[in-house]
Amino acid sequence: MEYGDIIQKTNIAKYTHQYLLGGLVAWAYDTIKCALLTSNLGSYCSNVFATFQQYEVSGDGYTAGGITLNNCTLSVVKETNSNSDEYVYSRYLCDSATWEDAITVSDVAFAVIYAEKSIYPTPTTRIDNPVLFLYKLTEAQDVAGESFVLPFDATNGHILFAEAV
């Protein structure tokens with residue numbers, strides 16, 4: 001079942017900008033995953049996937065840790081605004097998150113996007129499976145023995161970072 005425009009809001013983890021633009025996570029080359037979370041998450045946000053695992057859905061056909069996202073690409077566009085200021089926009093794109101095999105899960109309220117790897121933002125700080133994006137669905141979904149699709153924005157991507165040139 002495809003749920004159309006079910007994504008209400010996108011949050012980025014506190015350090016996403018540093019991870020992606022600083023080269024700690026290579027969007028197009030690293031393994032990027034999407035996991036489903038219950039409404040028990042509330043407004044909690046973290047930069048480490050392990051802290052979200054207690055809120056991850058479980059059920060028939062669903063694998064803990066979620067699925068790998070396909071065709072992750074980075075699109076960089078240079079534009080000029082009405083004041084003649086030039087900006088470079090970075091768009092992080094990928095295919096929709098699709099659980100093709102039938103799953104049975106309840107109370108799917110959030111989706112978390114993370115990199116399946118360890119990074120070192122400082123020489124002494126190790127972060128396993130850094131969180132990049134957190135999506136809140138418009139309402140919690142129950143999936144009963146069918147495929148499930150989270151349609152991501154194929155034009156603008158997950159996030160649009162702008163930097164002055």
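This note walks through a predicted model of one protein, point by point.

1. **Ground rules.** Because the model is predicted, local features need pLDDT of at least 70 and side-chain atom pairs count only at pLDDT 80 or more, while totals for chains, interfaces and linings use all residues. Residues are numbered from 1 along each chain as its sequence is written, and side-chain values use heavy atoms, with hydrogens and water left out.

2. **The overall layout.** Start by finding one helix and ten strands. Helices here are DSSP runs of H or I with at least four residues, strands are runs of E with at least two, and the numbering starts at the N terminus. If you follow the sequence, the order reads β-α-β-β-β-β-β-β-β-β-β.

3. The protein has 165 residues, and 41% of them count as buried. Buried means under 20% relative accessible area, exposed means over 50%, and partly exposed is in between (1.4 Å probe, protein chains only).

4. **Contacts across the sequence.** Take the contacts with a separation of 6 or more: 75% of them are between residues 24 or more positions apart. A contact here means heavy atoms within 4.5 Å. Keep this in mind for the pairs below.

5. **How strand 6 is joined to other strands.** Strand 6 covers residues 97-115. Strand 2 and strand 6 run antiparallel and are joined by seven bridges; two strands pair if DSSP finds at least two bridges between them. To see this pairing, look at L37, which stands opposite F110 in strand 6. Strand 6 is also antiparallel to strand 9, with twelve bridges between them. There, T98 has V149 in strand 9 as its bridge partner.

6. **Aromatic pairs.** How many aromatic pairs are there by this rule? The count comes to five. Rings of Phe, Tyr and Trp (its six-membered ring) pair if their centres lie within 6.5 Å; planes under 30 degrees apart are stacked, over 60 edge-to-face, and the rest tilted. One of the pairs is W27 with F133, which is edge-to-face at 5.9 Å centre to centre and 85° between the planes. W27 sits in the loop between helix 1 (16-21) and strand 2, and F133 in strand 9 (residues 131-150), so this pair ties together parts 106 residues apart in sequence. Both W27 and F133 are buried. Along with Y92, W27 and F133 make up one aromatic cluster.

7. **A tilted pair.** W99 and F148 have ring centres 6.0 Å apart and planes at 50°, so this pair counts as tilted. W99 is in strand 6 and F148 in strand 9, which puts the two 49 residues apart.

8. **Salt bridges.** The structure has three of them. The rule asks for a side-chain nitrogen of Lys or Arg within 4 Å of a carboxyl oxygen of Asp or Glu. D30 and K117 form one, at 3.0 Å from N to O. D30 is in the loop between helix 1 and strand 2, K117 is in the loop between strand 6 and strand 7 (118-122), and 87 residues separate them. D30 is partly exposed at 22% relative accessible area, and K117 is partly exposed at 25%. R126 and D128 form another, at 2.7 Å, and D128 is partly exposed at 34%.

9. **K33, buried or exposed?** K33 is buried, because its relative accessible area is 11%. K33 lies in strand 2 (residues 32-38), and its side chain meets that of E116 in a salt bridge of 3.7 Å, N to O. E116 belongs to the loop between strand 6 and strand 7, 83 residues from K33, and is partly exposed at 41%. Leaving out residues up to four places away in sequence, K33 touches G65, G66, I67, T68, L69, V112, I113, Y114 and E116.

10. Q141 lies in strand 9 and counts as buried at 10% relative accessibility. A polar atom of the Q141 side chain lies 3.0 Å from the backbone oxygen of E139.

Note on methods. Polar contact = N/O pair within 3.5 Å; in protein donor to acceptor, adjacent residues only side chain to side chain.
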